[in-house]
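Good morning, and thank you for coming.

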Amino acid sequence: MKIWVDADACPNVIKEILFKASQRTKTELTLVANQYLRTPPSPLITAVQVPSGFDVADSHIVQECSAGDLIVTADIPLAAEVLQKGAHALNPRGEFYDQENIRHRLAMRNFMEEMRSTGQVSGGSPPLGNRERMDFANALDKFLAQHK
């Protein structure tokens, strides 16, 4: 089991939690982004820089991940794709995507995207607070304890 991170939009505080968990549990961690990323010196932690472009990082993660891997992403279409491969998907707020909730989340995402394009709604999700950070850390720890 390996952890993959859709790192372009992943908050730094979540990356720090992942770095510590990787070291503690001896789990491979790969961050994928279209920009250079600094990572702690560790044979378990790598960063892959992909070319810029629409969904290039997502495509890399989908291509490289395996069933049973954990993908950390807030990107709902990416989560849907990795779920189809048998991987697990966790968002930075500590919520797992699964076959039951992904269709609803895709529909809501598409609806909100349409509302934003017409100017009826602006902005995105609120910033992560301490509660969401704790929820993420707890969900990650629980997952790693069950899947190692």
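Among contacts in the protein (heavy atoms within 4.5 Å) between residues at least 6 apart in sequence, 49% join residues at least 24 apart. Please keep in mind that this is a predicted model, in which local features need pLDDT of at least 70 and side-chain atom pairs count only at pLDDT 80 or more, while totals for chains, interfaces and linings use all residues. Residues are numbered from 1 along each chain as its sequence is written, and side-chain values use heavy atoms, with hydrogens and water left out.

Let me turn to the overall fold. The protein has five helices and six strands; these are DSSP runs, numbered from the N terminus, with at least four residues of H or I for a helix and at least two of E for a strand. Along the sequence they follow the pattern β-α-β-β-α-β-α-β-β-α-α. Of the 148 residues, 39% count as buried. Here buried means under 20% relative accessible area, exposed means over 50%, and partly exposed lies in between, with a 1.4 Å probe and protein chains only.

Next, the sheet. Strands of a sheet pair through backbone hydrogen bonds, either parallel or antiparallel. In this protein, six strands form an open sheet in the order E3-E2-E1-E4-E5-E6, with mixed pairing; two strands pair if DSSP finds at least two bridges between them. The edge strands, each pairing on one side only, are E3 (45–49) and E6 (96–97). Helix H5 (residues 130–147) packs on the sheet, where it touches E1, E4, E5 (88–90) and E6. The direction of H5 makes about 160° with that of E5, the axes being lines fitted to C-alpha atoms, for helices over the stretch in contact, and angles running from 0 to 180 degrees between N-to-C directions.

Which strands does E1 pair with in parallel? Strand E1 (residues 2–6) is joined by three bridges to E4 (residues 70–72), and by five bridges to E2 (residues 28–33). Trp 4 has Ile 71 as its bridge partner in E4, whereas Asp 6 has Val 32 in E2. Five of the five residues of E1 are buried, so this strand is largely enclosed by the rest of the structure. Lys 2, Trp 4 and Asp 6 point one way from E1, and Ile 3 and Val 5 the other way.

I now come to Lys 15, in helix H1 (residues 12–25). Leaving aside residues up to four places away in sequence, Lys 15 touches Ala 7, Cys 10, Leu 31 and Leu 37.

Cys 10 is itself buried, at 6% relative accessibility, and Cys 65 is buried at 3%. How many disulfides are there? With a disulfide taken as a pair of cysteine sulfur atoms within 2.5 Å, the count comes to zero.

Finally, two loop residues. Lys 26, between H1 and E2, has a positive phi near 55° and is exposed at 57%. Asp 55, between E3 and helix H2 (56–64), has a positive phi of about 60° and is partly exposed at 32%.
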